[in-house]
Amino acid sequence: MENRIDLHMHSTASDGTLTPEELVRFAYEDNGVTVMALTDHDTVSGLQKAADAARRFPIRFIPGIELSCNWAGSTIHVVGLGVNPRDDGLQAVIRKHSLLRTQRAVLMAQRFDALGIHDIYADAVGMARNKDNVSRSHFARALVARGDVPNVQVAFDKYLAAGAAAFIPSGWVALAEAIALLKHAGAVTVLAHPGRYRMKELWQIEALVKAFKTSGGEAMEVVSGSQGSSYTSHCLNWAIENHLYASSGSDFHSLSGSRPRPGAQGELPHNAPSVLTLLSQ
Ligand code: AMP
Ligand code: MN
Ligand code: MN
Ligand code: MN
């Protein structure tokens, strides 16, 4: 268990449950991750603390972000690796998405109210360590804490997943805009977990991968803790066909979650062109 790579993880800056410092320590000391990226949803606020913590270990730390965006009516996630957190365009989209998250939280709370689940807004915001980054995950944890649902999965299935009773779609930036913004901020763009979107048919995912490439995208996650391992060979084929580099990440959020521990998502296939070659300098 050493020299593992994990290019997709979350902290309390978004919907993870470990602080950036705790995450870096846990990934290195308990899981042997030596190349790691912090990729919180729509925020870079954890990056400085994570980078400072990483300096205490023999780790290569890559600053990242996981940007929410829209394509063909679905929310898609694009990871930016090696991002400059001070880029003006990036700061602007982060502010926009923060406002959208708060607006969406208000609308979701109104839905819950109509469903007989009252006063959930303050509880959900209370679950968020970063009050500028309220997530559906925080609503899920609030519902579990109140005893309204037995676990987070039921919270998503019943209320929070796309199309469920309290789901409110969000006006995230478009896929092409997300890619352009991230590239302008110096990041290598990575299509996150292609196998976990609402589009379950392979032809839909193929169309997404093509659109990502056409829009200037550079890499995709071939191995991800957020998609079944059966997607690995499909993703490798799509990466090669579309001349995209390959990335690998656990999408770790919390110790109690269903996803693998940091670095435990599995290795990239040997013939996969690693995204790290774009990041090494
Ligand atoms: P948001 O960005 O606020 O819309 O929240 C999306 C987050 O919710 C994802 O990053 C996951 O961490 C979590 N999530 C989405 N769907 C599920 C699900 N079915 N079960 C558990 N967590 C989920
Ligand atoms: Mn998440
Ligand atoms: Mn994601
Ligand atoms: Mn993620």
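Which residues surround ligand 1? They are D15, H41, R101, R104, S135, R136, S137, Q153, F156, R196, H253 and R259. The model described here is predicted.

**Ligand 1**

- Among the residues around ligand 1 are R101 and R104, and both of these arginines are listed as buried in helix α3.
- R101 has a side-chain N or O atom 2.9 Å from an oxygen atom of ligand 1.
- For R104, the distance from a polar side-chain atom to an oxygen atom of ligand 1 is 2.6 Å.
- H253 also takes part, with an N or O atom of its side chain 3.1 Å from an oxygen atom of ligand 1.
- On its own, ligand 1 has 500 Å² of accessible area, and the protein covers 85% of it.

**Manganese ion (ligand 3)**

- Three residues coordinate the manganese ion (ligand 3): E66 through OE, H77 through ND1 and H193 through NE2, at 2.1 to 2.2 Å.
- Along the chain, these donors follow the spacing E-x10-H-x115-H.
- H77 and H193 join distant parts of the chain, being 116 residues apart.
- H77 belongs to strand β4 (residues 74-81), whereas H193 is in the loop between β5 (188-191) and α8 (202-214).
- Both H77 and H193 are buried.
- The manganese ion (ligand 3) is 5.8 Å from another manganese ion, ligand 2.

- H8 counts as buried because its relative accessible area is 0%, under the 20% limit.
- H10 is also buried, with a relative accessibility of 0%.
- Between the manganese ion (ligand 4) and the manganese ion (ligand 2) there are 4.8 Å.

**Helix α3**

- Helix α3 covers residues 88-114, a run of 27 residues.
- From its first C-alpha to its last, α3 reaches 40 Å, close to the 39 Å expected at 1.5 Å a residue.
- At the start of α3, D87 places a side-chain oxygen within 3.1 Å of the backbone nitrogen of G89.
- The buried residues of α3 are L90, V93, I94, H97, S98, L100, R101, R104, A105, M108, A109 and F112.
- The elements covering these buried residues include strand β3 (60-71) and the helices α4 (120-127), α5 (136-146), α6 (152-160) and α7 (175-184).
- After α3 comes G116, which has a positive phi, near 90 degrees.

**Loop between β1 and α1**

- S11 sits in the loop between β1 and α1, and T19 is found in that loop too, between β1 (4-6) and α1 (20-30).
- The relative accessible area of S11 is 0%, so S11 is buried.
- Apart from neighbours within four places in sequence, S11 is in contact with G16, L18, T19, P20, L23, L38 and D40.
- T19 has a relative accessibility of 13% and therefore counts as buried, the limit being 20%.
- When residues up to four places away in sequence are not counted, T19 touches S11, T12 and R129.

- A72 is a residue other than glycine with a positive phi, near 50 degrees.
- The place of A72 is the loop between β3 and β4.
- A72 is exposed because its relative accessibility is 63%, over the 50% limit.
- H243, likewise not a glycine, has a positive phi near 55 degrees.
- H243 lies in the loop between α9 (231-241) and β7 (245-249).
- With a relative accessibility of 63%, H243 counts as exposed.

Definitions and conventions. Residues numbered from 1 in each chain as written. Chains lettered and ligands numbered in written order. Predicted model: local features only at pLDDT ≥ 70, side-chain atom pairs only at ≥ 80, totals over all residues. Heavy atoms only, no water. Helix = DSSP H or I, 4+ residues; strand = E, 2+ residues; numbered from the N terminus. Expected span 1.5 Å × (residues − 1). Buried < 20%, exposed > 50% of the residue type's maximum accessible area, 1.4 Å probe, protein only. Contact = heavy atoms within 4.5 Å. Polar contact = N/O pair within 3.5 Å; in protein donor to acceptor, adjacent residues only side chain to side chain. Donors = N, O, S within 2.8 Å, 3.2 Å for Na, K, Ca; no water. Near = heavy atom within 4 Å. Areas by Shrake-Rupley, 256 points an atom, 1.4 Å probe, with all protein chains shown as cover.
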